Amino acid sequence: MCIEIVSLTFYPEAEVMSDENVKQVYVEYKFYDLPLSETETPVSLRKPRAGEEIHFHFSKVIDLDPQEQQGRRQFLFDMLNEQDPEQG
């Protein structure tokens, strides 16, 4: 499976937009057993202005081999079949 983070835009009312201490941003996500160091964009970019789109062009291939990664596959299956979006 390939996760791609191509670009990022913040809503003008997002908390980060009004925080003058934030100068740089990066993206980080959690996926089952992968360490966060493998799932964050390797660089931070300057915080965009309101409505501006910044581009990361980051991709991560996650091994879902049926024999070796049964836990990851089950996690993905459960997440995709969750009925409650708050649990996803």
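## Basis of the model

Residues are numbered from 1 along each chain as its sequence is written, and side-chain values use heavy atoms, with hydrogens and water left out. Because the model is predicted, local features need pLDDT of at least 70 and side-chain atom pairs count only at pLDDT 80 or more, while totals for chains, interfaces and linings use all residues.

Ile62 lies in the loop between strand S4 (54–61) and helix H2 (70–81); helices (H or I, at least four residues) and strands (E, at least two) are DSSP runs, numbered from the N terminus. Ile62 is buried, since its relative accessibility is 2%. Buried means under 20% relative accessible area, exposed over 50%, and partly exposed in between (1.4 Å probe, protein chains only).

Beyond its neighbours within four places in sequence, Ile62 is in contact with Met1, Ile3, Tyr29, Phe31, Leu34 and Arg72. Contact means heavy atoms within 4.5 Å.

## Salt bridges

The whole structure holds four salt bridges, each defined as a side-chain nitrogen of Lys or Arg within 4 Å of a carboxyl oxygen of Asp or Glu. One of them joins Asp33 and Arg72 (2.8 Å, N to O). This pair links distant parts of the chain, 39 residues apart: Asp33 is in the loop between strand S2 (24–25) and strand S3 (45–46), and Arg72 is in helix H2. Asp33 is partly exposed at 44% relative accessibility, whereas Arg72 is buried at 10%.

Arg46, Arg49 and Glu52 form a network of salt bridges. Glu52 pairs with Arg46 at 2.5 Å and with Arg49 at 3.7 Å. Arg46 is partly exposed at 38%, and Arg49 is exposed at 57%.
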